[in-house]
Amino acid sequence: MKITYYGTAAGEAWPGVFCECELCRKARELGGKNIRTRSQALINDDLLLDLPPDNYLHTLYYGLELGKVRTLLFTHSHSDHCYTADLELLREPYSHTYTHNMQVYGNDAVEQKIKASCRTLGGDRERFSFHRIMPNETAVSGPYTITALRATHAKDETCLFYHIAQDEKAILYAHDTGALTAENLETLTLLVTPLTLVSLDCTQQKIRDGKYHMGLADAAEQKEMLLERGLADARTIFVVNHFSHNGGMLHEEISREAESRGMIASYDGMCLSI
Ligand SMILES: [Zn+2]
Ligand SMILES: [Zn+2]
Ligand SMILES: [Zn+2]
């Protein structure tokens, strides 16, 4: 399996769309790994995690090939993860070459957003089919067994994160969530483990959270807990991702702090083969 991070920022992007704070100013000056677009990742070449407003930018500048995607998982409806208008562009006359039926999964809030922007939930002509997925529900799409888990995030919708298994390997992609709950851990014990790669929210970096997002200390605690319970082992790769300017660290510092806790800090374009 392979995971590529195309967007590694929180909702405001980094530098923030309208922000000129010191950390955004420094990110603009330094460039490189400090430039973070909004949240998106790809597993292998065909399973996409979220469709942010920077989706098109990722195809232009980061080499994302959307024509190969067969499965799309939405975590929740927040604007940095869910730009549903692009789904309409799968069909004729907007794409002359996408002849597949993209399998799209998400919660009820994502469903409403798709309906509002595309006026449909898919079908043969649309080139996508939407499936509402509930926490602790498993679906099979292509070579993947996908299980949704309940995120501790916005209270006005059922936010999700995902366990994605292919053969004996499994990725846990846990962003826009606080600390893992007893319910999450119970579900994970029924799935493919030890996890091959765990991608943990780190929006808050220096700041502790656990109730809506996570900081570095929260992420490190999740790592230890997964190891203690045997859901991860010494071979598991831990990544921290989804960073906000409010967390107080530029990439170099995040990377150093993450490394000291046995984790890798993501950056836009980072690709890991697992
Ligand atoms: Zn987000
Ligand atoms: Zn800022
Ligand atoms: Zn969110």
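Four protein donors hold the zinc ion (ligand 3): His76 (NE2), His78 (ND1), His153 (NE2) and Asp176 (OD), lying 2.2 Å from it. Donors here are N, O and S atoms within 2.8 Å of the metal (3.2 Å for Na, K and Ca); water is not among the atoms, so sites may look incomplete.

This is a predicted model: local features need pLDDT of at least 70, side-chain atom pairs count only at pLDDT 80 or more, and totals for chains, interfaces and linings use all residues. Residues are numbered from 1 along each chain as its sequence is written, chains are lettered from A and ligands numbered from 1 in the order written, and side-chain values use heavy atoms, without hydrogens and water.

The donor residues of the zinc ion (ligand 3) follow the spacing H-x1-H-x74-H-x22-D. His76 sits in the loop between strand E4 (71–73) and strand E5 (102–106), and His153 in the loop between strand E9 (144–150) and strand E10 (160–166), so the pair ties together parts 77 residues apart in sequence. Strands (E, at least two residues) and helices (H or I, at least four) are DSSP runs, numbered from the N terminus. Asp176 coordinates both the zinc ion (ligand 3) and the zinc ion (ligand 1), which are 3.9 Å apart.

Two of the histidines are buried (under 20% relative accessible area; exposed is over 50%, partly exposed in between; 1.4 Å probe, protein chains only).

| Residue | Relative accessible area |
|---|---|
| His76 | 1% |
| His153 | 2% |

Of the 274 residues of the protein, 57% count as buried. The protein has six helices and 15 strands. Its C-alpha atoms fill a box of roughly 50 × 45 × 35 Å along the principal axes.
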